[in-house]
Amino acid sequence: MGILKQLYNGELYPAENNVPDTEEYRKAIREADGIEKKFTADLTGEQHELFEQYMSATAKVDKLIQEEVFRQGFVMGVTLRKEVDL
């Protein structure tokens, strides 16, 4: 089955498959998690809520960046394919 058909049929989820499967990534996640726990440990309720809002806003920005990187990669792939087929 071709990739377009897989995308159309909902069999591919590119946005869900973009997490590196490396020890370096897992280490970075553990480090970030530890820092966040230390940072939020002594926050007041209001400060914690503000921090959660910040994290949510940052996640939205990251999602927009990932979408654009995916789009640019797709465009580059199509462009390369066109050049190869010439």
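R71 is partly exposed, at 44% relative accessible area; that label covers whatever falls between buried (under 20%) and exposed (over 50%), using a 1.4 Å probe and protein chains only. R71 also pairs up with E68 in a salt bridge, and their closest N and O atoms sit 2.8 Å apart. Keep in mind that this is a predicted model, where local features need pLDDT of at least 70 and side-chain atom pairs count only at pLDDT 80 or more, while totals for chains, interfaces and linings use all residues. Residues are numbered from 1 along each chain as its sequence is written, and side-chain values use heavy atoms, with hydrogens and water left out.

**Salt bridges**

- Side chains of opposite charge can pair when their charged atoms come close.
- The rule here asks for a side-chain nitrogen of Lys or Arg within 4 Å of a carboxyl oxygen of Asp or Glu, and by that rule the count is seven salt bridges.
- R71 and E68 are three residues apart in helix 3, so about one helical turn separates them. E68 is partly exposed too, at 32% relative accessibility.
- Through shared partners, salt bridges link D21, E23, R26 and R30 into one network.
- Inside that group, R30 bridges to E23, with the closest N and O atoms 2.8 Å apart. E23 is partly exposed, with a relative accessible area of 45%.
- D33 and K37 make another salt bridge, their closest N and O atoms being 3.2 Å apart. Both sit in helix 2 (residues 23-40), four residues apart, which is about one turn of the helix.
- D33 is partly exposed at 36% relative accessible area, whereas K37 counts as exposed at 54%.

**Helices and a surface patch**

- Helices here are DSSP runs (H or I, at least four residues), numbered from the N terminus.
- L4 belongs to helix 1, which covers residues 3-8. With 64% relative accessibility, L4 counts as exposed.
- L4 teams up with I3 and L7 in a nonpolar patch on the surface, and together they have about 320 Å² of accessible area.
- What makes a nonpolar patch? Its residues have over 30% relative accessible area and no salt bridge, and nonpolar side chains (Val, Leu, Ile, Met, Phe, Trp, Tyr) are joined within 5 Å. The areas come from the Shrake-Rupley method with a 1.4 Å probe, and for residues only the protein chains shown count as cover.
- M55 is in helix 3 (residues 45-85) and is partly exposed, at 33% relative accessible area.
- M55 and Y13 are 42 residues apart along the chain, and their C-alpha atoms are separated by 24 Å.

**The largest pocket**

- The largest pocket has a volume of about 290 Å³. A pocket is an open set of points on a 1 Å grid over the protein atoms alone, with protein on both sides within 12 Å along at least five of seven lines. Its volume is the space filled by probe spheres set on the points.
- Lining residues have an atom within 4 Å of a point, and here they include P14, N18, D62, Q66 and F70.
- By class, the lining holds five nonpolar, two polar and three charged residues. Ala, Val, Leu, Ile, Met, Phe, Trp, Tyr, Cys and Pro count as nonpolar, Asp, Glu, Lys and Arg as charged, and the others, Gly among them, as polar.
- Q66 sits in helix 3 and is partly exposed at 45% relative accessibility.
- Q66 and P14 are 52 residues apart in sequence and 11 Å apart in space, C-alpha to C-alpha.

Key. Helix = DSSP H or I, 4+ residues; strand = E, 2+ residues; numbered from the N terminus. Patch = residues over 30% accessible without salt bridge, like charges linked within 9 Å, V, L, I, M, F, W, Y side chains within 5 Å. 1 Å grid on protein atoms, 1.4 Å probe; cavity = no way out; pocket = protein on both sides within 12 Å on 5 of 7 lines; lining within 4 Å.
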